[in-house]
Amino acid sequence: MPEKVETNNAKTKKVRFTDMFAILLSSKIAMVGLVIVLFWVFVALFAPYLTPYTPYEQDWKAPNQGPSAEHILGTDELGRDLWTRLIYGARVVLVVLPVSENISLPGGTAIWGVVVALLIGATLGLIGGYKGGWIDELVMRLLDAMMAIPVILLYLIIVVAIGASAVNVVIAISIVGVPGIARLVRSLTLDIKTREYIRAAETRGESAWFIMFVEILPNTRGPIIIDAMLRIGYAIFAMGTLGFLGLGMPPPSPDWGSMVAKGRAFILTGNPYAALWPSLAIASLVVGLNLLADGIREESMRYQ
Amino acid sequence: MKKRIHPAVHDMKSDMEKGKLSRREFLRYSTLLGVSAFTATQMAGLSWTSKAFAGNVKRGGTLKVATALQKIAHPATYSWIAASNVTRQVAEYLTLTDGKNITHPYLLENWIASDDLKTWTLNLRKGVTFNNGDTFNADDVIFTFNQWLDESVGSSMKGMIGGYLSANNIEKVNDYQIKLHLLVPEIAVPEHMFHYPAQILNHRTFEGDFLKAPHGTGPYTLETYREGELAVVKARSDYWQKGADGKALPYLDAMHFLDMGTETAPMISAIKSEDIDFIDLSDIGGTDIFRALKDDPEINILAAPTASARVLRMRVDVKPWDNEKVRLAMRKCHNHEKLLALAYMGQGLEGQDFHVYQLHPEYCEMPIPPYDPQASKKLLAEAGYPDGLEVNLAVGSGWPDVVRYAEVLKQDAIAGGFKINLQTMPNSQYWEKWTEVDFGITPWTHRPLGTMVLNLAYKADPDGNPAAWNETRWVDDEFSEILEKANGTLDVEKRRKLFCKLQKIQYDRGSIGIGYWRAVWMVSRSVVKGLEGHPNGYMLFNDVSIG
């Protein structure tokens, strides 16, 4: 019997993946988004192989240059290669989380921020939605209070209070993300907990934790995945904003936001490139993620 | 009364004639010793040009200035030039050091120094009134001196003059004459009296907060001062100085100071759109503004070479900077040519890691220290860090050139065995703890004599503790002793010999690195007339008009 169950599971998983893929392929919007996102993931993953420079090397005889054969996107105000800084910047966003100068975790800063927000937000949403009553009231009113604070302001308060570093940016992104995710998961939970199979589990005498995390949570994943993609976009935006305001990764990290901030001073003096490229990078990645999320949502709705 | 000319002036005149002393240095030293600038220029064989406009100055108008309006209370405690630039339109100084580093009497009629440089007689200008009607006299000057010297006020003036002057040694001869009996000889007394916190206060009304009783002798009255927002000064009609048209200054009706923070881009667009007329760059540098506006025909830019620097300072009372080998190793990681080129667009002079610059009169010629990461590594190993050293550097992110200095240094210091982590913070946060951080980059303003900053920042107060602005706590007995000698040595060549030693000591075992010396600019719309560049960025705007 156990063997049979496993085969069944494998089969359904396979079907789900093909479904997902079919959705992706059938949506042109999703495909465009996917290509953009994959481009950035690719350059981020293989950054060291895509450039002869490091993001910190200063060619001090050639600062503020436009694109050339040596520096395909030009150089910044300290003579650093902009292409190199751009793709290493993508690494920090999408592929690695620099905890300290020596330790890095896999998974980008934006991804970590959203994952942590998901863990906390989903737990709070599940508890609130499933338990109801005063717990629900307490949790949701607290989160409402947080949502009343403008997002940018909340980011600034958090980062100024705990200092600027990659880990702190993750903390800021996740704190800001929690209320939205909790609300989403709670509303899904309110719907799912009225279903027959939840009744069945309760009759079986399963614990509340089992029901929340094994019965309800897996069934909320569709909307959560789409929401998470949008949220990664917001997180990238937040990183850009914080970096722009001088509260992102400390220099000389190739932080896109701070690259825009520093390059901005030279827009008026004839070298717009240092600000242009990272702005385009942020915009394209955010748009790519939005397209991907939109495409999947539309197609999956039609599919259903 | 026939004024006696200080005997040293004649010695200096012969020095100048032999070519030992430049005309400019002669002018400066003789005016310092109480010869009027007019007499001095005649002795130096230079013609005296006064700023006379042939009666075509237009009166009226409001000058709009972009600046940063900090919280202010007591002028003697200013640590921002921008703050003094607002209130210097209202309160005035005893002397005035002009854009060419020559000091003139101002609220003084003149000064006379004794031969031993220990007794200074200050003769006050008569007929000057405060804007509340009170007459300016010796009591105001003595009151203000006492404020500077009062421990509880916490003025940086104390560090500057406290070494040679105490409150008991100020003698009131009559209502318009004061004698300062110095503890040790000092040459820079007139220049100290133009240090930016040295505005003369009204002894009858001042109670610690200038904003509550803004009574000065200056050409304007303070109408509004809203921190972080707006300050307004309006012309008064009974100011003591006369303009070229024979009527009382100032030419302008009013000046508005608008707080535009430290971001330069809004200032550039504001001056282009004629929303502001002048940008006060005294505290924020202005490389980006210079670069953006240098070719604009509607904008007038005046440049001045200065002794203002971004000082890499290491606190010698904490590890690892207590070890002088570590500090020297950090200096060896300075590539001065690269630092000037990248951090300040090559606009200024290369630094030499001691706080004396090439245009100070007593500067002793020395080569630019080479970038030597190998030597740095060796020194670190000798200091007990054979595997290199990781340090945190505090950086105010609002000064773009400070950030660039830090980024270049971080990169160049890797080969020297240092791993520098940059800790950026808003400038205001840096100023809150600039004397406290272990390792940071502090902007130091221009001072016209080499001794001035050394007395402020690199010695002990009379009790033996580091002076108020000695941010690195570095006190070296030999250095202090030579500096004391230099403070009382008039002859430039003799001073230079002392400075050779001072510079070498500060390089070998001092507490700072200096990457480069900055040029500064005054940026205004070209309709603003009568501006003169000033190395401190002081806004000496009595003669300014809008054409």
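Helices (H or I, at least four residues) and strands (E, at least two) are taken as DSSP runs and numbered from the N terminus. The model is a predicted one, in which local features need pLDDT of at least 70 and side-chain atom pairs count only at pLDDT 80 or more, whereas totals for chains, interfaces and linings use all residues. Residues are numbered from 1 along each chain as its sequence is written, and chains are lettered from A, with ligands numbered from 1, in the order in which they are written.

Chain B contains 17 helices and 19 strands. Of its 547 residues, 54% count as buried, a residue being buried if 20 or more other C-beta atoms lie within 10 Å of its own, exposed if 12 or fewer, and partly exposed in between, with C-beta atoms placed from the backbone. Among the contacts in chain B with a separation of 6 or more, 71% are made by residues 24 or more positions apart, where two residues are in contact if their C-beta atoms, placed from the backbone, lie within 7 Å.

The contact between the chains takes 21 residues from chain B and 17 residues from chain A. On the side of chain B that touches chain A, the elements giving two or more residues are α8 (264-272), α9 (287-293), α11 (336-344), α13 (400-414) and β15 (418-425) of chain B. The largest share of this side, 7 residues, is supplied by α13(B). By class, the side of chain B that touches chain A comprises 9 nonpolar, 6 polar and 6 charged residues; here Ala, Val, Leu, Ile, Met, Phe, Trp, Tyr, Cys and Pro count as nonpolar, Asp, Glu, Lys and Arg as charged, and the others, Gly among them, as polar.

Helix α13(B) also belongs to a right-handed β-α-β unit, together with β14(B) and β15(B); a crossover is right-handed if, with the strands pointing away from the viewer, the path from the first strand over the helix to the second runs clockwise. Strand β14 (residues 389-396) of chain B pairs with β15(B) in the parallel sense over 8 bridges, pairing being assigned if DSSP finds at least two bridges between two strands. Within this pair, Glu390(B) stands opposite Lys419(B) of β15(B).

In the largest nonpolar core, which has 154 residues, Ile279(B), Ile289(B) and Ala406(B) touch the most other members; such a core is a set of buried Ala, Val, Leu, Ile, Met, Phe, Trp, Tyr and Cys residues joined through C-beta atoms within 7 Å. Strand β17 (residues 512-525) of chain B gives the most to this core, with 9 residues. Leaving aside neighbours within four places in sequence, Ala406(B) is in contact with Leu393(B), Val395(B), Leu422(B) and Ile441(B). Apart from this core lies another, of 78 residues, among them Leu97(A), Val176(A), Ile211(A) and Ala261(A).

Strand β17(B) runs antiparallel to strand β12 (residues 299-314) of chain B, to which 12 bridges join it, and Ile301(B) stands opposite Val523(B) in β17(B). Strand β12(B) is also joined by 6 bridges to strand β16 (residues 439-444) of chain B, again in antiparallel fashion, with Met314(B) opposite Phe439(B) in β16(B). Elsewhere in chain B, 4 strands form an open sheet in the order β4-β5-β7-β6, with antiparallel pairing. Its edge strands, each pairing on one side only, are β4 (108-113) and β6 (170-174) of chain B.

In chain A, Leu280(A) is placed in helix α12 (residues 273-303) and is exposed, with 12 other C-beta atoms within 10 Å. Leu280(A) and Trp256(A) are 24 residues apart in sequence and 9.8 Å apart in space, C-alpha to C-alpha.

Most residues other than glycine have a negative phi, and most peptide bonds are trans. The peptide bond from Pro251(A) to Pro252(A), however, is cis, with omega near 5 degrees, and a cis peptide bond likewise joins Lys319(B) and Pro320(B), with omega about -5 degrees. Glu274(B), although not a glycine, has a positive phi of about 65 degrees; Glu274(B) is placed in the loop between α8 and β11 (278-279) of chain B and counts as exposed, with 11 C-beta neighbours inside 10 Å.
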